[in-house]
Amino acid sequence: MTDPTASDLAETLDRVHLVGIGGAGMSGIARILLARGKQVSGSDARDSRTVMALRAQGARIGVGHRAENLDQFAQPLSALVVSTAIKPDNPELVAAEQRGIPVLRRAEALAALMAGHRVACVAGTHGKTSTTSMLTVALQHCRLDPSFAIGGDLNDSGANAHHGSGEVFVAEADESDGSFLCFEPSVAVVTNVEPDHLDHHGTAEAYTRVFEEFVRRIEPGGVLIACADDPGAAELADRAEKAGVRVRRYGKSVTGPGAARLVGYRLENGAGVVTVELAGAETAERERIDVRVSVPGEHMAGNAVAALVAGLELGAPLEGLLDGLAAFGGVRRRFEFKGLTRGVRVYDDYAHHPTEVEAQLRAARPVAGNGRLVVVFQPHLYSRTAAFATEFATALGLADEVVVLDVYGAREDPQPGVTGQLISDAVPLAPERVHYEPSFTEVPSLVARLVESGDLVLTMGAGDVTMLGPEIISEIERLSAGPAEA
């Protein structure tokens, strides 16, 4: 693959083909290219809502991967964009290399789209999609119209990317394959640093090092905004400061210039409210404010504070940022409400790391009220399941009833002995409250038999478990129907 400079990259994005265009990252790039008047083609393994939406915007998309998909335009392609999920023998990638078409990684293409903007990147093991989304919405409420690229769809607009008229470009920075090292932000947020994606990085030490390299990419005069409550992010901030990078910290025990100290959290009418003592960038003098965010959970409140500090660094007014955070409508698959039936509420969440699972279950507990918390968890990746089975089980023990599915392998081949049962066997609840169900189609009926009015059901994971919410609702209704309705 080619490794062009940033200026060269921007010049290649004229007639672009994206392999796997329906994916979260690729579709965002396609949306921005189309908005900028570029010619866009692509391919995906199947049709989807995203693919159909891109076609409606003018993209030419083939279903299935074939070399002829590269021949959508009268002139040759100027670039082909791939993610690390695309294998070297992909026929479109092979054809592009044979034809001498420049091949860019997804992050390289995104970096090219950032050219000429003031860039804010949000990174971290957890919380980056929510924090990026909060920052984007807050800036929109300040009428700054930022360009953005996020790994999830905003509930308000239904979009994961936008070509804005403003000077700011906000992007979620993905550490999973180290590709965020393509970016050069002026404002960088790191929510946390905790070992993950060891299938790519190999060791926890290597995973930490890639964040250190990311911080070194901050442009001169830029700033790192880091969570002081997370040990990994706190250590990263300390090392960055010693290296001469300006650092602003947020958390429960921070002090000093630029610090945002979280001094209280409460739920009000289903929304989270965090009280913050906010110090100026150059002074320790503090102002106490309340930050409201519609998504419950202290972890979400922390994300909102990170977004607030980033917005201030970008020059946005405080009141506008607070209004935007209060109006934030959430992100799809982040504690997303799917429906209510027979007194049972069903939510869906993307959590797929033990820390994320724990945080979201703690956030869901007060929402459940006097009802039981029933979690339906699908492990994501065999490597992650093997590495963190015990930690997943401990986190799931916060629920009242647990259903564990089999592993969603995604890009990985199965590993002998690695199944969802590794997790279910270790959940610290009474055996009758823990259920391992390897048959995906049997899960809705199992959950429908378990629940009762007042319960909260939370489907959770990064795979196709998200499809189960509507099916669980339908099955509850079917089992609850009287004889004449059945």
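**The interface of domain 2 and domain 3**

Guide: Between domain 2 and domain 3 the count is 0 salt bridges, a salt bridge being a side-chain nitrogen of Lys or Arg within 4 Å of a carboxyl oxygen of Asp or Glu. This is a predicted model, where local features need pLDDT of at least 70, side-chain atom pairs count only at pLDDT 80 or more, and totals for chains, interfaces and linings use all residues. Residues are numbered from 1 along each chain as its sequence is written, and side-chain values use heavy atoms, leaving out hydrogens and water.

Polar contacts do turn up: the rule finds 3 residue pairs across this interface, both residues at pLDDT 80 or more. Such a contact is a pair of N or O atoms within 3.5 Å; within protein, one must be able to donate a hydrogen and the other to accept it, and residues adjacent in sequence count only if both atoms are side-chain atoms. On the side of domain 2 that touches domain 3, the residues divide into 3 nonpolar, 5 polar and 3 charged (Ala, Val, Leu, Ile, Met, Phe, Trp, Tyr, Cys and Pro count as nonpolar, Asp, Glu, Lys and Arg as charged, and the others, Gly among them, as polar).

As for area, about 1,000 Å² is buried between domain 2 and domain 3, with carbon and sulfur atoms giving 53%; buried area is the accessible area (1.4 Å probe) that two parts lose on being put together, summed over both. The C-alpha centres of these two domains lie 29 Å apart, with bounds from an automatic or database domain assignment.
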